[in-house]
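Morning, everyone. A quick look at charged side chains today. Here is the model.

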Amino acid sequence: MAPSAPSISSNMSNRAMTPRPSSYRYKSEKRGMTYNIMLVGQSGLGRRTFLNTLCEREVIPPSEPPNPDTANVADPMKFDTYEVNLEEEGTRISLKVIDAAGFGDGLDNTSCFKQLQDYIEAQFDEVLVEESRIKRNRRYRDHRLHVLIYFIAPTGHSLREIDIEVIRKLGEYVNIIPVIGRADSLTVDELAAFKQNIMRDIDFYKLPVYNFCWDESDSEALKENREIMDFIPFSVVTCDEVIDNEYGSVRVRRYPWGTIEIDDESQCDFVLLRYILLNSHIADLINYTEDVLYENYRTKKLEVGGFAEGEDEDEEGEAETPALSAKKQDYADETDAPETPA
């Protein structure tokens with residue numbers, strides 16, 4: 001039950017009903033599009049229901065009740081991977097979602113930042129090695145993250161230190177889109193004030209969240225993207241329940257006092273965010289990852305030695321990761337292998 005495309009404003013309604021032109025998307029309609037998303041946020045902010053609602057199916061089943069004897073012990077962060085095949089506006093999407101379970105649940109979360117950065121860099125390193133091969137694997141599956149959805153706790157105040165640090169550390173590697181999890185816990189006025197405070201913090205600390213206006217070549221798209229920027233951070237309400245009313249089947253979150261229809265744009269930003277992620281801006285997110293974020297990483301990596309022999313450390317003396325060392329060895333073995341006589 002895919003919701004209709006949202007209308008950002010009255011003068012953009014016709015444009016919003018149709019995906020923006022994208023040669024990348026058109027070329028991918030038949031062969032499918034590889035798309036990778038990461039979900040990051042503390043437990044209890046609705047990452048599971050967000051993914052299920054995004055994919056319109058149960059991807060992650062309800063978790064087991066915690067053991068009372070160990071409920072006070074925070075589990076270390078781990079990466080849970082889910083793969084879903086979707087079809088949006090005639091385009092097949094091979095969606096891979098990485099959920100950073102356990103992020104921010106401990107008292108000291110310093111290691112979480114490094115784990116996230118190492119994971120993202122490892123995906124870049126895989127592509128860098130693949131590009132350097134004499135014979136490339138035509139069936140290679142690109143695992144680079146195209147977008148990171150960061151869930152902000154609905155405190156009603158401003159960004160916390162953990163929010164600032166994770167965005168600051170990861171913004172140069174991945175497109176970060178901040179969302180307010182469980183936004184239904186705030187009143188309309190509280191939500192508006194909270195959004196203003198978050199944007200004030202983003203501007204003050206110069207946090208590198210995804211800039212929808214990065215491509216200024218299309219003036220019509222630029223106008224749309226500027227209006228989308230006004231919604232950041234997106235307020236998200238998700239659900240596991242579908243009910244029938246006089247207008248048909250609707251997805252709702254039920255409360256003692258009533259229900260919230262998550263596809264109602266007046267109640268939350270989920271329908272707009274879903275349309276952006278899986279339809280109108282999917283090509284932009286992929287292109288920015290490949291043409292800007294990855295190229296910047298690749299340039300820095302090659303400037304400090306790349307795969308040159310004898311350069312196992314960068315200019316600052318930081319040792320390379322074991323994963324990259326193994327990949328470099330594979331590349332060296334391949335290039336050293338004798339040619340097969342004809």
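Start with arginine 133. This is a predicted model, and in it arginine 133 is partly exposed, at 23% relative accessibility. Its salt-bridge partner is glutamate 130, with the closest N and O atoms 3.4 Å apart. Glutamate 130 has a relative accessible area of 11%. The cut-off for buried is under 20%, so glutamate 130 counts as buried.

Next pair. Arginine 160 bridges to aspartate 163, and here the closest N and O atoms are 3.3 Å apart. Which of these two is buried, and which is partly exposed? Aspartate 163 is the buried one, at 1% relative accessible area. Arginine 160 comes out partly exposed, at 27%.

Arginine 274 forms a salt bridge with glutamate 56, closest N to O 3.6 Å. Where do the two partners sit in the fold? Arginine 274 is in helix H8, residues 270-280. Glutamate 56 is in the loop between helix H3, 47-55, and strand E2, 78-88. So this bridge ties together parts that are 218 residues apart in sequence.

Accessibility for that pair. Arginine 274 is buried, with a relative accessible area of 5%. Glutamate 56 is partly exposed, at 28%.

Those two residues also belong to a network. Salt bridges link Glu56, Glu88, Arg251, Asp263 and Arg274.

And the total? The count comes to 16 salt bridges, among them the pairs I showed: glutamate 130 with arginine 133, arginine 160 with aspartate 163, and arginine 274 with glutamate 56.

That's it from me. Over to you.

Key. Residues are numbered from 1 along each chain as its sequence is written. This is a predicted model: local features need pLDDT of at least 70, side-chain atom pairs count only at pLDDT 80 or more; totals for chains, interfaces and linings use all residues. Side-chain values use heavy atoms; hydrogens and water are left out. A salt bridge is a side-chain nitrogen of Lys or Arg within 4 Å of a carboxyl oxygen of Asp or Glu. Helices (H or I, at least four residues) and strands (E, at least two) are DSSP runs, numbered from the N terminus. Buried means under 20% relative accessible area, exposed over 50%, partly exposed in between (1.4 Å probe, protein chains only).
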